[in-house]
Amino acid sequence: MRKFMVVLDDSRECLNAMRFAAMRAANTQGGVTILSVISPEEFNHWIGVGDIMREESRERIQAHFEVFAKWMRDKQGVDPELVIREGEPVAEIIAQVNEDPEVGVLVLGASADRKGPGPLVTQLTKNAGALPIPITIVPGDLSKERLEAIT
């Protein structure tokens with residue numbers, strides 16, 4: 001089965017990337033992997049405090065995932081999987097792609113802000129030639145109707 005991997009973060013554009021990945025998976029009998037990366041600088045505190053913050057981050061990610069997963073199951077018939085990694089986002093995304101041979105497409109959301117598509121899209125497109133899979137970049141301001149028509 002080919003899986004669409006999408007990155008779950010706190011950005012607004014993440015929503016359209018999630019929708020796109022779920023709709024494409026539903027239309028192609030594929031799957032969805034939702035990857036969330038916890039940055040190491042979030043835990044540069046005393047060990048006990050860092051452990052508590054790490055657990056709180058995981059709980060927050062799980063709660064966000066459940067919202068997207070429910071929509072994907074109910075509306076698209078797709079049961080996504082959640083992967084949480086810790087480290088630098090670009091390195092962890094590339095590592096996940098390399099470690100999971102079923103991932104066939106990386107789906108990223110681009111910011112509608114005129115200052116650029118966002119740091120993740122900018123950094124990953126610089127490394128696109130080294131990735132073993134294509135990247136699909138979904139504009140953050142596409143309507144649901146336009147996403148449905150495209151997928």
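Colleague: Which residue in E4 is the bridge partner of Val 6?
Modeller: Val 6 has Val 107 as its bridge partner in E4. This is a predicted model, in which local features need pLDDT of at least 70, side-chain atom pairs count only at pLDDT 80 or more, and totals for chains, interfaces and linings use all residues. Residues are numbered from 1 along each chain as its sequence is written, and side-chain values use heavy atoms, with hydrogens and water left out.

Colleague: Why are E1 and E4 said to pair?
Modeller: Two strands pair if DSSP finds at least two bridges between them. Strand E1 (residues 3-7) and E4 have four bridges, in the parallel sense, so E1 and E4 meet the condition. Lys 3 stands opposite Val 103 in E4. The strands (E, at least two residues) and the helices (H or I, at least four) are DSSP runs, numbered from the N terminus.

Colleague: Which other strand is joined to E4, and over how many bridges?
Modeller: Strand E5 (residues 135-139) runs parallel to E4 and is joined to it by five bridges. Leu 108 has Ile 137 in E5 as its bridge partner, and Ala 110 stands opposite Pro 139. Between E4 and E5 the chain passes through helix H4 (residues 119-126), in a right-handed β-α-β crossover.

Colleague: What makes a crossover right-handed?
Modeller: With the strands pointing away from the viewer, the path from the first strand over the helix to the second runs clockwise. Another right-handed β-α-β unit is made by E1, helix H1 (residues 14-28) and E2. In that unit, five bridges join E1 to E2 (residues 31-38), and the two strands run parallel. Phe 4 stands opposite Val 32 in E2.

Colleague: Why is E4 called mostly covered?
Modeller: Eight of the eight residues of E4 (residues 103-110) are buried, where buried means under 20% relative accessible area, exposed over 50% and partly exposed in between, for a 1.4 Å probe and protein chains only. E1 is mostly covered as well, with five of its five residues buried. Lys 3, Met 5 and Val 7 point one way from E1, while Phe 4 and Val 6 point the other way.

Colleague: What puts the buried residues of H4 on the same side?
Modeller: The buried residues in H4 include Leu 120, Val 121 and Leu 124. They cover an arc of only 95° around the axis, so they lie on the same side of H4; the arc is that of the directions from the helix axis to the C-beta atoms. The face turned away from the buried side of H4 carries the exposed residues Pro 119 and Lys 126.

Colleague: Which residues lie nearest the centre of the largest pocket, and how many line it?
Modeller: The lining has 29 residues, and Val 7, Leu 8, Asp 9, Asp 10 and Leu 120 lie nearest the centre. Elements that give two or more residues to this lining are E1, H1, E2, helix H2 (47-76), helix H3 (89-99), E4 and H4. A pocket is an open set of points on a 1 Å grid over the protein atoms alone where a 1.4 Å probe fits, with protein on both sides within 12 Å along at least five of seven lines; lining residues have an atom within 4 Å of a point.

Colleague: How much space lies in the largest pocket?
Modeller: The largest pocket holds about 530 Å³, a volume being the space filled by probe spheres set on the points, which are joined across faces, edges and corners.
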